[in-house]
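Reader: I have the sequence and the coordinates ready to display. Could we go through the sheet first, and then a few individual residues?

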Amino acid sequence: MIFYFSGTGNSKWIANQLSKEQKEELVFIPDALKNGALELSLQADEKIGFVFPIYSWGPPEIVLNFVRQLSLRGYKGQYLFFVCSCGDDTGLTQQVLAKALKNKGWECHAGFSVTMPNNYVLLPGFDVDNKELEEKKLAEAVSTVSKINALISKREEMFLCHEGSMPFIKTRIINPLFNRFQMSPKHFYATDACIGCKRCEKICPVENVKVVDGRPVWGMDCTSCLACYHVCPQHAVQYGKRTKDKGQYFNPNQSTRL
């Protein structure tokens, strides 16, 4: 069983590749939370995977919240792994997730990171990659995921995560500040370029966007995945002044409805 979360499709693409090779069922974390499907039964030889993007050098809060609520009947030390997608580095994501799993009585046997195109644009100096770098990352990700699949098939116990520089500061100091101050949807709005196509409503993984009278309205249950911003065909979705003149990205291997 592979549990995944994705906003703009990078982690969704990884989860699909793993699911096909490992022949494990895919579970979309927001759907499981919404439907209350939080008690699942495991087979003796089943692999358990978590796939998610890196948010400010840590797992998204929605993933950690899911882990806290999840119940795995029949757990007897089955092989458990995670794969995270990141624009550059992961910080101490391995330690954060392993601790969350340990609190449930589960052991994390392996973890991997896959470098994918950047999509976070809400802070100064943060923007999507140029087209050349985007294509390079996507091409290299194919072989990286293939290698990860081979290691998971062998149930290898190892961690290959690119922590990057100053991981403690990034994960232990910056990440909590990000979760506290950068998750608010209150600065989202649609410009006059909006055509009311409802793509932002359809793409939101937590159903936090509703189109009312032809314009999107944001609720308070935001994961800051930025899917609504990146999927807009008119580039009408903006976040205050922070997204002015910044680019958009959506994984080209995924449809705009995850």
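Reader: To begin, which residue in β7 stands opposite S85?
Author: V114 in β7 is the residue opposite S85. The model is predicted, so local features need pLDDT of at least 70 and side-chain atom pairs pLDDT 80 or more, while totals for chains, interfaces and linings use all residues. Residues are numbered from 1 along each chain as its sequence is written, and side-chain values use heavy atoms, without hydrogens or water.

Reader: How do β6 and β7 pair, and over how many bridges?
Author: Strand β7, residues 110-115, pairs with β6 in the parallel sense over six bridges. Two strands count as paired if DSSP finds at least two bridges between them. The strands (E, at least two residues) and helices (H or I, at least four) are DSSP runs, numbered from the N terminus.

Reader: What pairs with β6 in the parallel sense besides that strand?
Author: Strand β4, residues 48-53, is also a parallel partner of β6, over six bridges. There, I48 stands opposite L80 in β6.

Reader: Are the residues of β6 mostly buried or exposed?
Author: β6 is mostly covered, with seven of its seven residues buried. Buried means under 20% relative accessible area, exposed over 50%, and partly exposed in between, with a 1.4 Å probe and protein chains only.

Reader: Which residues sit on each side of β6?
Author: L80, F82, C84 and C86 lie on one side, and F81, V83 and S85 on the other. Both faces of β6 are covered. As a general rule, side chains in a regular strand alternate between the two faces of the sheet.

Reader: What is the order of strands in the open sheet?
Author: The open sheet has six strands in the order β2-β1-β4-β6-β7-β8, with parallel pairing. β2 (26-28) and β8 (159-160) stand at the edges with a single partner strand each, so one side of each has no neighbour in the sheet.

Reader: How many bridges join β1 to β4?
Author: Three bridges join them, and strand β1, residues 2-4, runs parallel to β4. One of the bridge pairs is F3 with F50 in β4.

Reader: Changing topic: where is N175, and is it buried or exposed?
Author: N175 is in helix α6. It counts as buried because its relative accessibility is 10%.

Reader: What is N175 in contact with, leaving aside its neighbours in sequence?
Author: Beyond the neighbours within four places in sequence, N175 is in contact with Y55, S56, W57, G58 and K170. Contact means heavy atoms within 4.5 Å. By contrast, the C-alpha atoms of N175 and D31 are separated by 25 Å, and these two residues are 144 residues apart along the chain.

Reader: What about G219, where is it?
Author: G219 is in the loop between β11 (215-218) and α8 (227-231). With a relative accessible area of 27%, G219 is partly exposed. Apart from neighbours within four places in sequence, G219 is in contact with P185 and N208. The C-alpha atoms of G219 and P59, 160 residues apart along the chain, are separated by 22 Å.

Reader: Finally, in what sense do β10 and β11 pair?
Author: They pair in the antiparallel sense over four bridges, and R215 in β11 is the bridge partner of V212. In this hairpin there are two residues between the strands, and D213 takes a positive phi near 55 degrees.

Reader: Which face of β10 is covered, and which is uncovered?
Author: In strand β10, residues 209-212, V209 and V211 form the covered face, and K210 and V212 form the uncovered one.
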